Amino acid sequence: MASTWDESLETGNELIDRQHREVVGLLDELASIETGTESEVLHVLDRLMDFTLTHFAAEEALMTEVRYPELLTEEMCLQHREFTDYARLRVLEFRTGEMISVLPLHKFLDKWLKTHEFDLDRLLANWIRQRNGRSAAST
């Protein structure tokens, strides 16, 4: 899954770019630990959830900082909330034994990463690049 990272997603914001790469790394780690002990899997899931929440907050702060259009910001934030709600529920199901494999969660995360990061995050990255190009040209 590391191949899902695409350099064209770089926003020019070092923090966000590093976080995108780290999310991909955590997803890879989850794939490699799927057959591990419950404790090992929960450790990776907890790290992934904590990091994702931190990343979403940073991304939302960046959108405010660069004055990203309101409708696009709302769409991004809505997807962040939907992802968080779904992922929390699946992690809870795994913790309680209702879900015995993280494979469904892993598939969801992989699909979500591809659609969100390569659609909405790409729009944000392109918007930032265009803004930076205009400001550089006007100076």
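Colleague: Which residues have the most contacts inside the largest nonpolar core, and how many residues does this core have?

Modeller: In this predicted model, the largest nonpolar core has 25 residues, and those with the most contacts inside it are Leu 30, Leu 45, Phe 83, Phe 94, Leu 105 and Leu 109. Helices α1, α2, α3 and α4 (103-138) each supply at least two residues of this core, and α2 gives the most, with eight residues.

Colleague: What is Leu 45 in contact with, once its neighbours within four places in sequence are left aside?

Modeller: Leu 45 is then in contact with Leu 30, Val 91, Phe 94, Val 102 and Leu 105. A second, separate core of 12 residues includes Met 63, Leu 120, Leu 124 and Ile 128. As a general matter, nonpolar side chains tend to be buried together in soluble globular proteins.

Colleague: Turning to charged pairs, why is the meeting of the Glu 22 and Arg 18 side chains called a salt bridge?

Modeller: The N to O distance between the side chains of Glu 22 and Arg 18 is 3.8 Å, and the cut-off is within 4 Å, so the pair counts as a salt bridge. Glu 22 and Arg 18 both lie in helix α1 (residues 14-33), four residues apart, about one turn of the helix.

Colleague: What makes Glu 22 partly exposed, and what makes Arg 18 partly exposed?

Modeller: Glu 22 has a relative accessible area of 34% and Arg 18 one of 40%; buried means under 20% and exposed over 50%, so a residue in between is called partly exposed.

Colleague: How do you know that Asp 46 and Arg 95 meet in a salt bridge, and where do the two residues lie?

Modeller: The side chains of Asp 46 and Arg 95 come to 2.4 Å, N to O, which is within the 4 Å cut-off, and the pair therefore qualifies. The pair links distant parts of the chain, with Asp 46 in helix α2 (residues 38-65) and Arg 95 in helix α3 (residues 70-96), 49 residues apart. Asp 46 is partly exposed at 29% relative accessible area, and Arg 95 is partly exposed at 39%.

Colleague: What is the distance between the closest N and O atoms of Glu 93 and Arg 90, and are these residues buried or exposed?

Modeller: The closest N and O atoms of Glu 93 and Arg 90 are 2.7 Å apart, and the two residues form a salt bridge. Glu 93 and Arg 90 are three residues apart in helix α3 and therefore separated by about one helical turn. Both Glu 93 and Arg 90 are buried.

Colleague: How many salt bridges does a search of the whole structure find?

Modeller: The search finds four salt bridges, among them the Glu 93 and Arg 90 pair.

Key
Residues are numbered from 1 along each chain as its sequence is written. This is a predicted model: local features need pLDDT of at least 70, side-chain atom pairs count only at pLDDT 80 or more; totals for chains, interfaces and linings use all residues. Side-chain values use heavy atoms; hydrogens and water are left out. Buried means under 20% relative accessible area, exposed over 50%, partly exposed in between (1.4 Å probe, protein chains only). A nonpolar core is a set of buried Ala, Val, Leu, Ile, Met, Phe, Trp, Tyr and Cys residues joined through side-chain atoms within 4.5 Å. Contact means heavy atoms within 4.5 Å.
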